[in-house]
Amino acid sequence: MSESQAKSSRKLKVDVQPSGDDRKGARRGAIFIGCALIAFVIYLIVTGQVAQFMAALANVQIPWLLVASLCMLLYLILGIAAYAIAVWLDPNSPVGIRDLISVEASGIFFGNLTPMMMGSTPAQIYRLTKAGQNVGEAGATQFTRFIVYQFGLVVWGGILLAARMPFFVERYSDIGALTILCIFSFGGHVGILLLIFAIALMPKTVIRVAHWGLSLLERMGIAREKVREWRGFVDGEVYSFSEKFKLAAGHTSSMAITVLITMLQLAFFYLVPYFLMLAFGHHDVDFLSVMAASAFVQLLSSAVPLPGGTGGAEGGFALFLGHFYGSASTAGYLLWRLITFIIPTIVAAPLLGIKSAHHASIHQRWDRLMARFGRKPRKASRKKKTAGAQEEPAGEHRTRRRVRQTPGGITVSPRELEHRGRRER
């Protein structure tokens, strides 16, 4: 084995170790959220709302509560399906359905327990590498999912903001405060999406701006060694980010399907408060207005730098959704938080370590399923190369079809002889 082949084989064995900081952050987040729940109970007792709270819960209609829970379950299933499409593109990917369930569970668990869901992406990349992907493939898969999810948040926010902004303007008297909240919540995610596209499409410009900012930090007294490390990180990661984006964007059909799945996934999430209102007997609400309010709450809570969006979730629910529930707003908030946050986090914990037991890829299993219905499997778009294998030039492949070795000797087709004669002239 040559030295270059040895290096490439070593790269394929790179493994990512779980970050201790992420696990510590998750533990701190769990403690923080537990304290927040205790504070919520104390608030109910101090303000004398316990009786009102229990009366509202006693009148809950269980069928609508189950529908709200089903919406959250579909949200989680569609999240797994979005990952499955990215994995399906590689016919030889070792990641199976159980692995993807674990990947989604890792994102939920570590994302819910860390500020602004910062622990979600590292945990999911780590889980993909444990399923058999190398670091580059895992990063590309997670990167594609992150891009599409942010895009879905922005598109849904824009649609609902345009459709129901007059409703909220009439409902709230302080238009200035409402405008600031909308800019803070919706505008922040738009800024993140624009930054992602800038890094992907203009890496050189982004690197120049980053170098200028790092030089400014160095002049302000930051250690040169630290600035040098940051500069090296920017130089490597920005170009890597750009290449992965262009690779993912090349699969237009799969990206379009992933976007549709993500939009449907977010729609189910935004409908949870609507079905909870039906569970409390409020049947005179407009589901589109409730979806718009739910989208604002989600955007606001995800921008708050506390575990689980604590503070943003409570304030956003009280501001945008509270008046829909009326006297049952406190009970509605608790059930909404249980269904969309607390229960998924608890359920995700035992799913973190599950693994697929089979060796067939999702693409291969799909082809087998289609074969049962009489459909021919699609040809693999990507083939895994063996160690040391080299690509065959296109010219040699064509010549090999026209030049054959038989028991009587080597035969050359007349078309090949004529073609060679023309080239010699």
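Select Y75 and Y149. Their side chains are joined by a polar contact of 2.9 Å. A polar contact is a pair of N or O atoms within 3.5 Å; within protein, one must be able to donate a hydrogen and the other to accept it, and residues adjacent in sequence count only if both atoms are side-chain atoms. The model is predicted: local features need pLDDT of at least 70, side-chain atom pairs count only at pLDDT 80 or more, and totals for chains, interfaces and linings use all residues. Numbering runs from 1 along each chain as its sequence is written, and side-chain values use heavy atoms, with hydrogens and water left out.

Stay on Y75. It is found in helix α4. Helices (H or I, at least four residues) and strands (E, at least two) are DSSP runs, numbered from the N terminus. Is Y75 buried or exposed? It counts as buried, at 11% relative accessibility. Buried means under 20% relative accessible area, exposed over 50%, and partly exposed in between (1.4 Å probe, protein chains only).

Now show what surrounds Y75. Leaving aside neighbours within four places in sequence, Y75 is in contact with Y149, Q265, L266, F268 and F269. Contact means heavy atoms within 4.5 Å.

Move to F269. This residue lies in helix α11. Y75 and F269 are 194 residues apart in sequence, yet 6.1 Å apart in space, C-alpha to C-alpha. F269 is buried, with a relative accessible area of 7%. Not counting residues up to four places away in sequence, F269 touches M72, Y75, S294, Q298 and T340.

At 6% relative accessibility, T258 counts as buried. Beyond its neighbours within four places in sequence, T258 is in contact with A82, I85 and V148.

Now the core. Which residues touch the most other members of the largest nonpolar core? Select Y270, L276 and L321; the core has 57 residues. A nonpolar core is a set of buried Ala, Val, Leu, Ile, Met, Phe, Trp, Tyr and Cys residues joined through side-chain atoms within 4.5 Å. The elements that give two or more residues to this core include α4 (62-88), α7 (135-171), α8 (175-201) and α11 (252-279). Also on that list are α12 (287-302), α13 (312-325) and α14 (329-348). Helix α11 gives the most, with 15 residues.

Zoom in on L276. Its contacts, leaving aside neighbours within four places in sequence, are L65, A68, Y325, G332, L335, W336 and I339. Another core, of eleven residues, lies apart from the largest one; V87, L100, V103 and I362 are among its members.

Switch to aromatic rings. The structure holds 13 aromatic pairs. Rings of Phe, Tyr and Trp (its six-membered ring) pair if their centres lie within 6.5 Å; planes under 30 degrees apart count as stacked, over 60 as edge-to-face and the rest as tilted. Pick W64 and F275: they are stacked, 5.9 Å centre to centre, with 20° between the planes. This pair links distant parts of the chain, W64 in helix α4 and F275 in helix α11, 211 residues apart. W64 counts as partly exposed, at 28% relative accessibility, whereas F275 is buried, at 15% relative accessible area. Then select F280, F317, Y325, Y333 and W336, which form one aromatic cluster.

The charged end of R145 sits over the ring of Y83, 5.8 Å from its centre. R337 lies over the face of F341, at 4.3 Å from the ring centre. Such a charge needs NZ of Lys or CZ of Arg within 6 Å of the ring centre and within 35 degrees of the ring normal.

D99 is buried, with a relative accessible area of 4%. Its side chain reaches the backbone nitrogen of S356 at 3.2 Å. Not counting residues up to four places away in sequence, D99 touches P94, R127, A131, I354, K355 and S356. The C-alpha atoms of D99 and L352 are separated by 9.1 Å, although the residues are 253 apart along the chain.

Finally, zoom out. The protein has 17 helices and two strands. Of its 425 residues, 41% count as buried.
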